[in-house]
Amino acid sequence: MQLAMVFLALLWLVTNVVADSVAQPVVQVEVPQSFGPRPLEDQTKDAVVRDYLKCWNRMSQALEENNAAALDTAFTGIAKEKLEGVVSQQQKANITASYRDRSHHITFVFYSSEGLSIQVVDDAEYDVELSDHGKMQATHHVKARYVAVLTPTEVSWKVRMFQADANVGDSATAKK
Amino acid sequence: MTRSCTIGVVLSLWAQWALAAGIKVPKIVQAGQAISINTEGNGEGHLYIVGPGGALEKTVQIGTEVLIEPDEISNAGRYTVFLITSTSTEASDFDVVSSPEVSSLSFLARPSRLPVSLRDGIGGVAFVFDTYHNLVLQSHSVHFQLTLPNTAPEIRTVESHLGVAWVQMDSSAHAGNASFEATVGKGTSLRILEQVPADACQLRMSARPVGGRLHVQTEPLRDCTGNLVADGTIVTFTEIYDGNRSTVDAPLKNGIAQADIPANKGAVITVAAGEVLGNQLRWNGGQ
């Protein structure tokens, strides 16, 4: 009986640890009254949010594996070029960094009249995990505001511009 | 034994304190400027800078200043600095912001072809960048100018917000190729838009007998601002006689459409171009 209880407790612990490591980020979405000039349909809003969150996933994958090809399905234009440059810099330094997003507060700020550009502001929280020569060195929690511009492509919205805004958010100290 | 242990613990603590490292990083750095990072402590360590904008690693002597050259980190964004020694790990964040000087624009103008006198028919969106292709998030005045040959330009000035400025303008009253330009700082971008005549405004036809048939012809077809409607636009002449309806489609040539139809006494003849209806005639055999 005691053995069974210990087993159950261990099972619960493992399940929760695994769940935490692959937990989906908490997402809030806001569309202000002043948003425009083009009206935003619910389907478009949902698609943009879905594809924007996918870009975080792809960015983390690309920078964790130093694999620029992972960016293809989520990024285009200047954002893709810059991230490809980061992959190259990481490869040169033999380091990798993963970006595990924990939460997003996405505010839609602009939708062009012809429908080719949507801009969002994202107050994001994420953990940066640094590895050197494959060995984990440190993690660090970051809060930052990102400004992103997305554009519709063949089957999805892709991020064309992706940049943090200065002096917004703070961070926790590193832990190893 | 106890004394030895105590000495060992003290020495260990002192060693850790001695090797503990600290870093001081400026909170905000402008793209294109060198970054000075002060390290505190002694010994050797590894300095890492990572972010979605860039990454680098340096072996550093703790207690000295580390200088990051402008070309090593020039993308705007949030970066995390890690200073790692054998006994400690320190981290801090800093932001690289875009240079306030605008260097280039990405300008989208739609549509490339539209009718004249269309309210808010032209949309222009400008994205503002610095030398390092960072979006300039600080507000700037962006000038949009729409010009047709031999007409005064129409100018609008819009403040950019988070790197974006947009405008909607009416197409002008005259057909032709309009130049649509966006300018801010050193950045400028030009697009050409074709303004075509709008739908016909007043459609009038006349009829005269020619041989045994009736020749129908429109007056020069213009839109409401006087531009000749484009050649090739289809005009439909319809003849209703004795319960039967027959139509003839004729393209505009030099603004005029014409056709020869049967001259049936008592026939009612109408004319239309798209959704625009013209006058109606009743042919009474020349009376």
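**Figure 1. Chain A from end to end.** Read along its sequence, chain A runs α-β-α-α-β-β-β-β, which makes three helices and five strands. Helices (H or I, at least four residues) and strands (E, at least two) are DSSP runs, numbered from the N terminus. The model shown here is predicted: local features need pLDDT of at least 70, side-chain atom pairs count only at pLDDT 80 or more, and totals for chains, interfaces and linings use all residues. Residues are numbered from 1 along each chain as its sequence is written, while chains are lettered from A and ligands numbered from 1 in the order in which they are written. Of the 176 residues of chain A, 37% count as buried; a residue is buried if 20 or more other C-beta atoms lie within 10 Å of its own, exposed if 12 or fewer, and partly exposed in between, with C-beta atoms placed from the backbone. Among contacts in chain A with a separation of 6 or more, 58% join residues 24 or more positions apart. Two residues are in contact if their C-beta atoms, placed from the backbone, lie within 7 Å.

**Figure 2. Where chain A meets chain B.** Here 39 residues of chain A are in contact with 37 residues of chain B. On the chain A side, α3 (77-93), β2 (95-111), β3 (118-132), β4 (135-152) and β5 (157-165) each supply at least two residues. The largest share, seven residues, comes from α3(A). By class, this side has 23 nonpolar, twelve polar and four charged residues. Ala, Val, Leu, Ile, Met, Phe, Trp, Tyr, Cys and Pro count as nonpolar, Asp, Glu, Lys and Arg as charged, and the others, Gly among them, as polar.

**Figure 3. Two nonpolar cores.** A nonpolar core is a set of buried Ala, Val, Leu, Ile, Met, Phe, Trp, Tyr and Cys residues joined through C-beta atoms within 7 Å. The largest one has 96 residues, and those with the most contacts inside it are A:Ala148, A:Val159, B:Val81, B:Ala126 and B:Val128. Domain 1 (2-97) and domain 2 (104-196) of chain B each give this core at least three residues; domain bounds come from an automatic or database domain assignment. Take a look around A:Ala148: leaving aside neighbours within four places in sequence, A:Ala148 touches A:Tyr52, A:Val120, A:Asp122, A:Val159, A:Met161 and A:Phe162. A second, separate core of 17 residues includes B:Leu214, B:Val216, B:Leu221 and B:Ile269.

**Figure 4. Domains 2 and 3 of chain B.** Chain B is assigned domain 1 (2-97), domain 2 (104-196) and domain 3 (205-283). The centres of domain 2 and domain 3 of chain B, taken over C-alpha atoms, are 41 Å apart. Their contact takes six residues from domain 2 and four residues from domain 3. The domain 2 side has four nonpolar, two polar and no charged residues.

**Figure 5. An open sheet in chain B.** Three strands line up in the order β1-β3-β6, with antiparallel pairing; two strands pair if DSSP finds at least two bridges between them. β1 (22-24) and β6 (65-68) stand at the edges with a single partner strand each, so one side of each has no neighbour in the sheet. Strand β3 (residues 35-40) and β6(B) pair over four bridges, and B:Ile35 stands opposite B:Ile68.

**Figure 6. A hairpin in chain B.** Strands β22 (residues 267-273) and β23 (residues 276-283) of chain B pair in the antiparallel sense over six bridges. B:Ala273 stands opposite B:Val276 in β23(B). Two residues lie between the strands of this hairpin, and B:Gly274 in the turn has a positive phi of about 65°.
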